[in-house]
Every structure is written in C-alpha cells, then in structure tokens.
Amino acid sequence: MTFGVVMLVHTAFHRAQEVIRHWVAGGCPVVVHVDSEVEQDVYDAFVRSMSDLGTVRFCRRYRCEWGMWGLVEATQEASTLMLREFPDVSHVFLASGACLPLRPISELNAFLQARKDTDFIESATTADVPWTVGGLDRERFTLRFPFSWKKRRKLFDRYVRIQQRLGVRRRIPAGLVPHMGSQWWCLTRQTLAAILNDPNRAKYDRYFRRVWIPDESYFQTLARLHTKTIQSQSLTLSKFDFQGKPHIFYNDHAEILRRSECFVARKIWPDAGLLYRVFPRAPVLDTSEAIPRTGTVDRIFARALERRMRGRQGLQMHSRFPNLENANGIAAAPFSVLQGFDELFPDFENWLALQTGAQVHGHLYARDRAHFAGGVRLFRGALSDHPKLRDYNAQSFLMNLVWNARDTHQCLMFGPSDTQKIRWLLAHDTNARVWVISGAWSIPLFLSGKSAGEVRAEAARLQRRENRLLKALRAPDAHARIHIDTLANFLENPRDVMQMVVDEIAGHRAQELGELPSMVDLSGLPAFLQELKNQGMHPFLTGELSDDMQRRAHVSNAPRSYVVDPK
Amino acid sequence: MIGEAWLDYRMRWKRRRYLFRIWRKRHEIQSAVDRTNLITTGDILTFSTVRNEMLRLPYFLEYYRKMGVRHFLFVDNDSDDGTTEYLKQQPDVSLWTTGHSYKLSRFGMDWLGWLQWQYGHGHWCLTVDADELLIYPHHDTRNLSELTAYLDSIGRTALGALMLDMYPKGAVSELDYQPGQDPTKLLTWFDPDGYRHKIHPIFSNQWIQGGVRDRVFFGAEPHRAPTLNKTPLVKWNWRNVYVTSTHHMLPRRMNRVFDWPERNLLTGVLLHTKFLQDISDRSQEELNRGQHFENSTLYESYYRRLIDGLDLWDATAVEYTGWQQLERLGLMSQGDWNE
C-alpha cells in the first residue's frame, strides 16, 4: 500500500518536476493539475518532460485563482482521477508545486500506514476560532462572493458591504457545520471517495461555489461528515503572514526545516537551490519514527509577525513613525524628570546616581547645551549636545536618547529656564516620571545676592513658565506619573519625597536612605520672597514658607526607622 | 478633504512637468555603449550617474552583481580618470555620456529619468550613487530577486533605506583604500543615534536628518543638514519621477515606505562610503565647480574642513558588524520577512 499525491502547479515548472520525481521515486503515483492560465506550449513541454514516468497523470485544467472555486474544482478533478487510476492508494496527499518533501517518502508512507483510518486535515469551526483575514470569518459562509478579492477588491468590498447592510444571509445546507483550516491535507481513500461520491455533492458544490476561499473550507467541512478519525493538523508545514499570505522558505531556513521533522513544507522559494539539494533528506534509522515538531518554527514566525504588527516601542525609524498622540508609551523605557531638586541640593545628581545606579543627566534642555551625565559632549551613539540640533526636534532628541540608553534608567534635571519644547511629551508619556518642587527657581535668584527689585522680572518669567508646565501636567489627559510639591510642602518632609523618588527609579533594588545630600542655606529666603511680594510679584508657586522650615527639615532629615515600635 | 484633493491635483501636474522636463532634456546624454538588448523581463536594473569613480566602481559592480543586479545603466558626467573606458568594457553595462551641468539636470535625475522612462517600466530599479551600498535584512543570504519577490508579495512597490554615513577612525585623508576592496572594511564606524524624523508636509515621506555630518558640520543650521531618507529600490512605472535625488518621489504614494502608526515595514540601509581618501580632492573639485546641492556656499566650510584632514570619529560611535546590528539598533527593520 502506498499514498498518492495530488499536485496543483501554476509556476516554477522545473522545481515542480524535481519534486514530482522525488514522489515517484518514493513509490507514490502523482496526479498533476496545471492552471489553465498557463500557456499551452509551456504545458506541453512540462508534460513531455515527464513522459518517462509511468505513474504520473495530468488531469483536466481549471483556472485556479486564489480564494476562488477553481482551486476546489481542480482538486476534485485530480482526486477523482487518482482514485480511479490507482486502486492501491490508501491516502491522498494534496500538495502544490512549491511544496518540498523534507523527510524520505518512505517515512511518510510508514507514518500513514500506521494510521490507516486517520484523516490529516486542519479543520476548526468558525464559531470557535476567529481566524480572520479581512475581518470575515462566519460571513465567509453566509454571504456571496462572486468577485475576486485579488483583482477586483473594490467591487468585492462594496458587494460585501451591500449584503451586510441588507442583512442578506445564505442558508447553509442542512447537516453542514462550517469548518476552516489549511488548504493542504491528507485524506484516506474512504473519506475522499465519500466526499466525491456524496449524493448531495451537487448541492454542496453549488453552495461552496459562492463561499469565500472555498479551498480552505470545502474539504475541511465535508471531511467532518464522512471521517472515522480526524487529526486536525496539516502534515504540510506552512506559515502565514498577517494578511493570510504564505511565508516563503529560503536557503537560510535549511536548519530549522531540518529540525522541524515535518514531512513536507511550503512555500519554497524556487531559487532556493540549497533546499532543493538537501531535501528530502536521506533516511536515517533512528529518526524514522520522529513526529513533526513545529515549536521552533512557530516561535520564529510568531516573532516576525509581532514585529511587523507592533514594532518596537519608543523607536522612530524609516520603517515606523508612531502616531504619538495615540501612543500608549512614547519613549522606549521609563525615565525620570526632576525639577527643582538640584536647586535645593547642589550635589543632587551625584547623590541620585549613587543611590539608584541610574544614569543621571544634568539639565538636558539647558539653553547653552545638553548637559549629559559625566559632562561629555557626545552621548552614547554619538548624540550631540548642540543646543540647535537638539531644539530642532526636541521630542526626537529625548526619544533617541532613551531608545539608545534603554538598558539604564535615564534621569534628567529640568527647570523653567530650560527649553520647554518637551512639555507635551512629559505630560503625556506613560513612561515619564515627573517630580516637581514648584517655586524652587526662587532659590538661585535668592542666592545670587541681588535685590528683589533687580530679579523681579526674571522671577515673574520663571514663574510663568513653570506655571504653564504645571498646567500641562495637571491636564486631564496627562498620563505620566506626576508628583508635584510646593517648595514649602517639600521642606515639611524632604525625606519621604526623596525616598519615593529613589524607590521609583531603583525599584526593588532601592534601599532605605541614609544621609540626605546637603541642602543650601535657605535662611533669609522667606524675607526675600516677602520683598518680591512687596514689589508686586507674588511667588505663589513656592507655597507659604516660614522662618523655621529649614530647621524642621533638618530634624526630619535624620534617618528614621521603618520598623514599627513594638510598644 | 478639499485641501488634500487640491494637493493631489497640484502634485499630478508637478509630476507631469518633471516628465516633460526629462523628455525635453533627453538629448543631453549620448549613448556610448548600448547593451540594453540584453535586458530581459524581470531583470533588476541599476541606474547611476558617475563622475571620476574609478576608486569605487570595481567594488560597486562586483557588489551589485552578486546581489543579483542584471544590468547597469550609467550616465558618465565628464570623467577624466578612465571611468568611461572602464565602464565601456563591462559586459553588463550600458553607458551614456554627457558634458552638461549636473546641477541643472537636478543632480542627474533628469538624465536617469529619461533612461528609467525608456528601460525601467515593469522592472525593479535600483537608483544609487557609486558611493552607496544597499544592505537590507538577510542580504548576506538572500539576494535582490528574493527581496523584490517578497515586496511584490506584500504589495509594496518601493523600498525605503536610510543613508548611513560610514567613517574611519582617524583622519579621512590618511586612508589607503584600493580599488576593488570592500570599503566597509575600512570605513567601519557610524553614528547609531541622533536621527531626527518628521513627516514631510508635502511629499508625505519621512524626512530624516542626522548622523555624523549633521553633528560635525551642521550644528548651526540643522534645517540644512543632509537628508538621509531615500527610496532607492522601486518597481518602476513610466509615470514615476524622482524629485530631489532619490529622497522623494512622485506620485506621492511611492513615498509611503513606512507604516503608520505602529506597524513596521521592511527597510534597508545605504552604507555611504563618501569618506574615502579621495574626499579632499573631491571637495576641492566641488569647491571649484560649485555643482553640489542647493546651497553650495554652505557646503564650502564643510569641504574646507574635510580637505584639512578632519577626524570624524568619536568614542561614542559604533563599529559596524552586520545587518543584525543595524536591525537591533533600530536603523533598519525586517518587517515580517521571516528569519
């Protein structure tokens, strides 16, 4: 006993011929169907080239267009011929010209003979499995599809829409439960004969003629009526992209194809000479019993699909331009923006880097240049600190920085005197962690030693800019993690806020803080702010500062035990 | 809506004007060797304008032949270093010569446009300069016909590529590159970061600027920095025209080589081997001829510094190891072309 191969060919005839010779050499009769679009002289030459093979037959030719009925008709015709001409065939294997047997034919034959009553056909109900292309699953069976999806897409779409709007629903013939699955199957003689000789076949054919992609549902549905045992699995390894088109295997796939232990794979690139040379592989004793394992292939292809569909977050490139307005996270990784901390603690950057292990930049958006961590002029990946290059596309600059250094948490200092062009990004990026001590801009003004009258205009400008940032951060559509304290509030308990900052950045590696960095001397600041008020400039963002605040801040500065007192 | 339709209409006429211009200038080039009868259906063609490229051409031809290019169509703009004779001898090259102005022919695009119009229709056409080497995911194992078959299968008619400036460690003028050698063995460094992207308001392509020339030369005037997005590989239709170099095309849909908003399409990278030792001679010549881009004066200081033996290298640059690296860095993408 052996199995027969029904082969649908429309192109790459030299490769098809090679494969047919493999099948025949393995003892399998082959019935070939050639697309009627193929020119007569090409067809004749193809037939002639195989005149030396006694067990190859050519059946009547139909027009085979993707997704249309002709493919099923061709399969029916070829299968009928196969069953009639070769009575000792126990299974019929449906293959295409781009299929390549990977393992010796004898191993496949042994596999099938050990499973005499099993039909290998992938077949799932549309009710349970949403395998969709173009948003049609159940509707494949309840609408009519007279127009080609490939050639007359507009007409196809329009006709579908009309039917949907009119609520047209075809009646599915009684007894049929629509199933779908891979076009490539291997059925037993009994099942296939029962399908072809079904008394209702004319009725079924009429119905399926207007179903969309009938080659993926005709045999899959009817096999369910006649089978003894169904193994819902295709013996042909084939992978599809998100549009339902088959992936192609090239020379560099030789290794994963070999390891998959599948019997047949498709589609093979016609010029993949290496694959056609090494497959089908020679019989090896200890692997003849091996069962196909598609795990590795599945994983690799799933990864490609994922990459195509989603891209990589936070990356702008020639293949991908994410719509930032709707993006969930904009930057590639979480990053922190700290405003006001470095005014209060002169050594804050070093301290934070030590505490968290993060990369802490200075004012990246300072007027004079981008102050990268360590004072370098070019940051990782040769990102320039030139202020004009940076401001030319300020958002891109930050996205590039975070993308290229996404292995470490990036922190940057920010302030109202910096370029404010990234305000929108800071408020909207779910990856941004923004910490603001509002009113801290008053500290350098106070420390400058100038009088309130002299710095009044500057103070007003900084306050206005900071207020605009705060407004953006407080907007209802701001999705960043935002923590805003007034200077007065912060000084009430600096330790808790600093602990939160460190916890947030360092995550589980965070430790309880020891000594806080030293704070600038603020005595005299309340009087300075009062003087600003007297000049008519109310620094409302600082909160109400009192004279003893620094003393109190120092008290709360001492390390505190987190252990609850057992008393 | 109306604005969009109006823009479409204007662009259609712009495209027709360019086609007319190409036709009008068709006599500027004279055929020197015509082997175009060798071109058969489905061949991949390369179009290129050259001037004194004897240093790069031997490797260029070898590289693209190996990639599966079947025929080269060159326009030689007044070479005097033997380029003309060399190209004439190549069995798969058709050559045209011209003495007209490179700048007035839209940097060769009018000349190549006429050749593309005649020979390109229905072929995948690669339009590159002699100092551009196209790489794309899997280029080491899959050639251009595999790539174009894949693009055909996903219904794409163009491949986008980022132009990546390669440079050596040390002064450019001290390199010792020999004709026929792989230039990427000497020019091994590049800037992986610092590329700015925005959508071009008219051509709706991505406008990408950045890289080493941007950081070294154009800090003061970033908007004038070189454009790095290119569309070098196109399934040609006689209606197509390139607008400025291969940066933008008309009709505008050809520029959509990326996906919006989230998905990822396959793109390549053009390794730009401009910075070989001949850069100072070339720069000197460019200074004298004033034939380069829109703002020749701007390029003056740029050329002067190159002549003076500038070192472009920096410790934060990255050494090129292969396409996998560029893919990982996010400079190219393999879309869903399976591994």
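Two residues are in contact here if their C-beta atoms, placed from the backbone, lie within 7 Å. Everything below comes from a predicted model, in which local features need pLDDT of at least 70, side-chain atom pairs count only at pLDDT 80 or more, and totals for chains, interfaces and linings use all residues. Residues are numbered from 1 along each chain as its sequence is written, while chains are lettered from A and ligands numbered from 1 in the order in which they are written.

**Figure 1. Chain B as a whole.** Take the contacts in chain B between residues at least 6 apart in sequence: 73% of them join residues at least 24 apart. The chain has 9 helices and 16 strands, with helices (H or I, at least four residues) and strands (E, at least two) taken as DSSP runs numbered from the N terminus. Mean pLDDT, the predictor's confidence in each residue from 0 to 100, is 85 for chain B, and 95% of its residues reach 70 or more.

**Figure 2. Chain A as a whole.** Here we have 23 helices and 19 strands. A compact globule of 567 residues would have a radius of gyration near 24 Å, but chain A comes in at 36 Å, and its C-alpha trace spans about 105 × 60 × 60 Å along the principal axes. Of the contacts in chain A with a separation of 6 or more, 78% are between residues 24 or more positions apart. Buried residues make up 43% of chain A; a residue is buried if 20 or more other C-beta atoms lie within 10 Å of its own, exposed if 12 or fewer, and partly exposed in between, with C-beta atoms placed from the backbone.

**Figure 3. Where chain B touches chain A.** The contact involves 48 residues of chain B and 45 residues of chain A. On the chain B side, the elements giving two or more residues are α5 (144-153), β7 (158-165), β9 (195-199), β10 (206-210), α6 (211-217) and β14 (266-272). The largest share, 5 residues, comes from β9(B). By class, this side has 16 nonpolar, 18 polar and 14 charged residues (Ala, Val, Leu, Ile, Met, Phe, Trp, Tyr, Cys and Pro count as nonpolar, Asp, Glu, Lys and Arg as charged, and the others, Gly among them, as polar). The model scores ipTM 0.79 and pTM 0.79.

**Figure 4. Inside the nonpolar cores.** A nonpolar core is a set of buried Ala, Val, Leu, Ile, Met, Phe, Trp, Tyr and Cys residues joined through C-beta atoms within 7 Å. In the largest, of 155 residues, V402(A), L162(B), L164(B), M166(B), V269(B) and L270(B) touch the most other members. Setting aside neighbours within four places in sequence, V402(A) is in contact with G314(A), A331(A), A332(A), A333(A), F335(A) and Q410(A). A second, separate core of 74 residues includes C64(A), A95(A), V211(A) and L237(A).

**Figure 5. Helix α14(A) and its cover.** In this helix (residues 348-356), F348(A), E349(A), W351(A), L352(A), Q355(A) and T356(A) are buried. They sit on the same side of α14(A), because they cover an arc of only 165° around the axis, counted from the directions from the helix axis to the C-beta atoms. Their cover includes α13 (341-344), β14 (359-363), β17 (410-414) and α21 (494-506) of chain A.

**Figure 6. Helix α2(B).** The buried residues of this helix (57-67) are L57(B), Y59(B), F60(B), L61(B), Y64(B) and M67(B). Covering them are elements of chain B including β2 (44-50), β3 (71-77), α3 (83-89) and α5. G68(B) follows, with a positive phi near 105°.

Figure 7. A cis peptide bond, omega about -10°, joins R266(A) and K267(A), and K267(A) is in the loop between β12 (264-265) and α11 (273-278) of chain A. In chain B, the bond from L250(B) to P251(B) is cis too, with omega near -5°.

Terms used:
The radius of gyration is taken over C-alpha atoms; the globule rule is 2.2 Å times the number of residues to the power 0.38.
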